[in-house]
Amino acid sequence: MMLLNILAPFRKAYYIVPFFMFFNFIFVGLISSYLEVSQVYWLGAMVPLLLLLCPNKAPLFSDNIQLFLFFWLVYLGFNWLFLTGGSLKAIAIKDYVIPSIAMLIASRIILTQVQLAALYKLIRFIVLIQLPFVISQFFITARASTARTFDWDLISGTFGFNPQGGGGNSAGLLLFLCFYCTMAVKKIRLKKGTYIDVLAILSCLASVFMMETKIVVVLVIFIVISILEPKEFFKPKIILGSSLFITIFIAVLVTNYNSNFSTGSREGRSVVEYISNISESYSQEDLIDYSTGEVSRQAAIDIWFANNVKQGISLNTLFGYGLTSSKFANANNIEAVVFASPINFAASQLTIYLWDVGLFGVLILALFLCYLFIKLFKRKTIHLYDTAFKSGGLFLIQACMLFPFYSNTMHINSVTFSIFILLLLCTGSQRKEVVT
């Protein structure tokens with residue numbers, strides 16, 4: 001009954017919005033993980049195109065966000081036509097073109113305040129159903145894996161994991177949980193929170209404490225930045241209280257992570273040793289494992305720099321080698337820059353884009369995120385859920401600036417990428433009270 005009440009405002013063609021969210025944030029991950037049907041990720045990339053069926057859309061090019069996205073599509077078209085190898089063009093459409101078209105579609109959709117409130121409750125509902133899956137994965141799935149003694153990558157809720165072990169979308173789940181927490185805390189600060197909001201936040205915290213996603217120590221800072229009003233940054237009491245909260249949260253989190261995830265030879269290590277081990281793993285510049293093909297984040301950047309800057313800047317440095325050219329799965333394709341490589345030298349989202357679309361493409365995306373942040377920051381909001389989604393959007397844009405250095409899940413995983421499409425759906429076009 002509660003779910004039916006949430007869905008009520010999405011009448012007529014707007015039912016495609018909850019369908020998109022249920023399919024991409026619940027069914028894709030569950031089907032791919034528990035039924036081992038990885039092809040469903042292709043559907044996850046295409047389902048957002050159905051948002052085109054939503055009736056109320058802003059005119060094309062009525063917003064600079066749409067102009068940015070259209071220019072990005074034109075740039076991808078140039079790259080696809082002139083730089084992308086013929087055998088790579090089909091997969092490039094799935095990995096680059098379709099998600100970009102979906103972003104443009106989502107940025108045009110206009111939601112009423114009633115629909116926006118329903119969308120918030122729908123996100124909260126999806127958040128609440130994550131905890132049972134996380135608990136099951138923490139106590140059963142992660143311990144039954146043959147890949148590691150305790151495979152923390154398998155703790156990903158409904159966001160999907162590799163059934164063979166060693167890989168999962170925990171980073172995507174973390175991003176979604178933090179996105180919701182930002183909106184919920186903002187709502188509570190406006191004295192409009194409910195007990196269900198508090199319950200959902202506690203559910204998020206419980207999930208985060210069972211996932212070893214170390215990037216959360218930075219994301220919690222982004223959450224605080226996003227919920228504060230501009231004038232509050234100049235109030236010592238607010239800044240001191242926020243700093244104290246962040247410090248206590250990080251201390252408790254790190255202690256918990258050390259207790260839960262110090263397994264095997266590292267069992268019984270102290271918190272100081274845990275932090276030292278993390279620092280070492282992130283500072284190993286030349287970490288390349290030829291047996292698995294794994295490359296550290298820093299080493300991946302160094303490889304690109306050595307081949308594209310030290311040896312001389314070329315057109316490929318500026319415009320890339322072609323869409324999906326650096327995809328490790330294309331190592332047997334002679335038209336890919338990764339051809340015959342024994343290692344995945346494009347290990348992060350940043351290095352994927354540097355190889356595929358070049359410095360110019362990376363610059364377009366960086367400017368787009370900066371513009372989107374400034375636009376949201378300046379937006380004056382009156383209604384409760386407009387304000388909540390504004391804070392959530394500010395958090396998500398900051399996270400999208402960080403994630404390319406940390407992981408590649410925003411690019412290669414249609415579930416995680418859907419969070420950014422959700423952001424554009426919620427904040428892209430100026431809100432209006434339209435009849436649905």
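Visitor: Does Ile105 count as buried or exposed, and at what relative accessibility? In other words, which is it?
Guide: This is a predicted model, and in it Ile105 counts as buried, with a relative accessibility of 9%. Ile105 is part of helix H5.

Visitor: What does Ile105 touch, leaving out residues up to four places away in sequence?
Guide: Ile105 touches Leu49, Leu51 and Leu52.

Visitor: And how far apart are Ile105 and Val28?
Guide: Their C-alpha atoms are 21 Å apart in space, and 77 residues separate Ile105 from Val28 in sequence.

Visitor: At what angle do H5 and H19 pack?
Guide: Two packed helices are described by the angle between their axes and the distance between those axes. For H5, residues 89–108, and H19, residues 414–427, the angle is about 25° and the axes are 7 Å apart. The two helices are therefore roughly parallel to each other, since angles under 35 degrees count as such.

Visitor: Is their crossing left-handed or right-handed?
Guide: The crossing of H5 and H19 is right-handed.

Visitor: Changing topic: where is Ser242, and is it buried or exposed?
Guide: Ser242 lies in helix H11, which covers residues 236–261. Ser242 counts as buried because its relative accessibility is 14%, and the cut-off for buried is under 20%.

Visitor: What is Ser242 in contact with, beyond its neighbours within four places in sequence?
Guide: Ser242 is in contact with Val224 and Leu228.

Visitor: Now the backbone. What is the phi of Thr324?
Guide: Most residues other than glycine have a negative phi. Thr324 has a positive value, near 65°. Thr324 sits in the loop between helix H14 (315–319) and helix H15 (349–356), and is buried, with a relative accessible area of 2%.

Visitor: What about Ala340: what is its phi, and is it buried or exposed?
Guide: Ala340 is not a glycine, yet its phi is positive at about 65°. Ala340 belongs to the loop between H14 and H15. At 59% relative accessibility, Ala340 counts as exposed.

Visitor: How many residues of H15 are buried?
Guide: In H15, 8 of its 8 residues are buried, and the helix is mostly covered. Among them are Tyr353, Trp355 and Asp356.

Visitor: What happens just after H15?
Guide: There, Gly358 takes a positive phi of about 75°.

Visitor: Finally, the whole chain. How many helices and strands does it have?
Guide: The protein chain has 19 helices and 2 strands. Its radius of gyration is 22 Å, close to the 22 Å that the globule rule gives for 436 residues, so the chain is as compact as a globular protein of that length. Along the principal axes, its C-alpha atoms fill a box of roughly 55 × 55 × 50 Å.

Visitor: What percentage of its residues count as buried?
Guide: Of the 436 residues, 54% count as buried. As for contacts between residues at least 6 apart in sequence, 73% join residues at least 24 apart.

Technical notes: Residues numbered from 1 in each chain as written. Predicted model: local features only at pLDDT ≥ 70, side-chain atom pairs only at ≥ 80, totals over all residues. Heavy atoms only, no water. Axes fitted to C-alpha atoms, helices over the stretch in contact; angles between N-to-C directions. Helix = DSSP H or I, 4+ residues; strand = E, 2+ residues; numbered from the N terminus. Parallel < 35°, antiparallel > 145°, perpendicular 65-115°, else oblique. Left-handed = near helix turned anticlockwise from the far one by under 90°. Buried < 20%, exposed > 50% of the residue type's maximum accessible area, 1.4 Å probe, protein only. Contact = heavy atoms within 4.5 Å. Rg over C-alpha atoms; globule rule 2.2 N^0.38 Å.
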